[in-house]
Amino acid sequence: MEQLLQGLRAAGEETRMRLLVLCGHAELTVSELIQILGQSQPRVSRHLKLLCDAGLLDRFQEGSWVYYRLANKSGTSLLARYLVDLVPEDDPVVSRDLERLNTIKQARLDAADDYFRENAKHWNKIRSLHVAEKEVERLILSSVQDMEITDFLDIGTGTGRMLELFGPLSQFAVGVDTSREMLAFARAAIEGADLRNCQVRLGDMYTLPFLNDSQDVVVIHQVLHYADRPKMVIAEAKRVLRKNGRLVLVDFAPHEVETLRTEHAHTQMGFDADQVWSWCEEAGLKRKDFHMLAGDPLNVNIWIAEQSNTDNPSGERE
Ligand SMILES: C[S@@+](CC[C@H](N)C(=O)[O-])C[C@H]1O[C@@H](n2cnc3c(N)ncnc32)[C@H](O)[C@@H]1O
C-alpha cells in the first residue's frame, strides 16, 4: 500500500507525468529530456530522482552516460506502465513532447548510421561468405518454439537482430554489447520496431551483468569467434541460465579464411563441433540439438544446449 501511494504521489505532477510518458517510449539521457521539456537541469534531475525513488523509473549507466527508462521489474512497474497508457497521446503538451522525442530518435539513428555504414560494408562482405541468414534464423527460432520465454538474453547484440527476432516471443529481452556505437544502433532498431519489452545494455560476455538463474534463453550469434577464452564465455552463459533454460550458439565451423583474423578481428578461425560440446558439458550444459549448414567457403554450426534441471550451484553475481 505504502509503495503504491508513494508511486501515485511521485506521478501526481505534470512534469513528472511527461517524464514518465517519454521514458515509456524510449531510454533517454538527462540532456535529451532537458531538450524535450525545455526545463533546467536541476529541475529535471530532481523530478527524475523522485520517480526513481518511487520505483517508477530505472536509472542505468552506459559508459559515461546515464539513461532513464520506465521501470519494468520493480513492484511499481505495472503502475508506471498503467499510468503511461492512461495519458492521451493527442494531449497538446504530450504530443509536442513526442514530436521532439522523434527528432531526438532520428538524430541518434543518423549518428549510429554513420558508424554502422562503415561496419556494414565489412559485415555484408562476411555474410556473403556463409549460408543464408534466413535458414539460420528459422532453425534457431524453431529450437525454442516449445518454451515459454520470460527472460531472453542476446550476448553481443550488435545491430539488435536477435532482439527483433526473439523479442516478440519473450516477456523481457535484453541485448548486451561492449560497443556503445552498436548499442546506439540496436537501441534505435528496437525503438523503430516498437519493441517496448526489449532493452540494450553495456555488458561484457565474460562478466554478464545478470544474476544466476535469471534467463530462459541465451543466444550467442556470431560473437564467440571474437573471444580469446570461448570456454569461459560458455560457462558465463550457463551461469545465468534458469533450470531447463537453453543456450543457442551460432558460429563458423573451422575455416581457413585468414582475412577474418587479419582484417576483421576474429580471434578464432571457427569452432570444431565436438570442442564446443566439451566446453558446454564441462560447464554443466547438456546437448540438445545440432545443425551444420554448408556455405562457400564458410559453414555455420548451430549448437543448442540445455541447462540441467537441477539448481544452479554457482554463487550469485549482479
Ligand atoms: C558480428 S557482430 C554482431 C552479431 C549479432 N549477434 C547479430 O546476430 O547480428 C559481433 C558483436 O559482438 C560484440 N562483442 C565483441 N566482443 C564482445 C564482448 N566481450 N562482450 C560483448 N559483446 C562483444 C561486438 O561489439 C559486435 O557488436
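Which side chains meet in a salt bridge with N to O at 2.7 Å? Those of Arg187 and Glu27 do. The legends below begin with the domains and end with the backbone.

This is a predicted model, in which local features need pLDDT of at least 70, side-chain atom pairs count only at pLDDT 80 or more, and totals for chains, interfaces and linings use all residues. Residues are numbered from 1 along each chain as its sequence is written, and side-chain values use heavy atoms, with hydrogens and water left out.

View 1. The chain is assigned domain 1 (2-101) and domain 2 (129-307). These bounds come from an automatic or database domain assignment. The domain centres, taken over C-alpha atoms, are 32 Å apart. Domain 1 puts 14 residues into the contact and domain 2 puts in 11 residues; contact means heavy atoms within 4.5 Å. About 1200 Å² is buried between the two domains, with 36% of it on carbon and sulfur atoms. Buried area is the accessible area (1.4 Å probe) that two parts lose on being put together, summed over both. On the domain 1 side, the most area is lost by Glu27, Glu62 and Asn72, together 41% of what that side buries.

**View 2. Polar links across the domain interface.** One salt bridge is counted between domain 1 and domain 2. The term requires a side-chain nitrogen of Lys or Arg within 4 Å of a carboxyl oxygen of Asp or Glu. Four residue pairs, both members at pLDDT 80 or more, are in polar contact across this interface. A polar contact is a pair of N or O atoms within 3.5 Å; within protein, one must be able to donate a hydrogen and the other to accept it, and residues adjacent in sequence count only if both atoms are side-chain atoms.

**View 3. The domain 1 face.** Helix H2 (14-25), strand S2 (57-62), strand S3 (65-70) and helix H5 (77-86) each supply at least two residues of the side that touches domain 2. S3 gives the most, with three residues. Helices (H or I, at least four residues) and strands (E, at least two) are DSSP runs, numbered from the N terminus.

**View 4. Glu27 and Arg69.** The whole structure holds 20 salt bridges. In one of them Glu27 pairs with Arg69, with the closest N and O atoms 3.1 Å apart. Glu27 sits in the loop between H2 and strand S1 (28-29) and Arg69 in strand S3, so the pair ties together parts that are 42 residues apart in sequence.

**View 5. The ligand site.** There are 16 residues around the ligand, and Gly156, Asp177, Asp204, Met205 and His221 come nearest. A residue counts as near if one of its heavy atoms lies within 4 Å of the molecule. The side chain of Asp177 has an N or O atom 2.6 Å from a ligand oxygen. For the side chain of His221, an N or O atom is 2.5 Å from a ligand oxygen. A polar side-chain atom of Asp204 lies 3.3 Å from a ligand nitrogen.

**View 6. Backbone exceptions.** Most residues other than glycine have a negative phi, and most peptide bonds are trans. Asp296 and Pro297 are joined by a cis peptide bond, with omega about 5 degrees. Pro297 is in the loop between strand S9 (285-293) and strand S10 (300-307). Asp194 has a positive phi, near 55 degrees; its loop runs between helix H9 (180-192) and strand S6 (198-202). Gln222 also has a positive phi, near 55 degrees. Gln222 is in the loop between strand S7 (215-221) and helix H10 (230-240).
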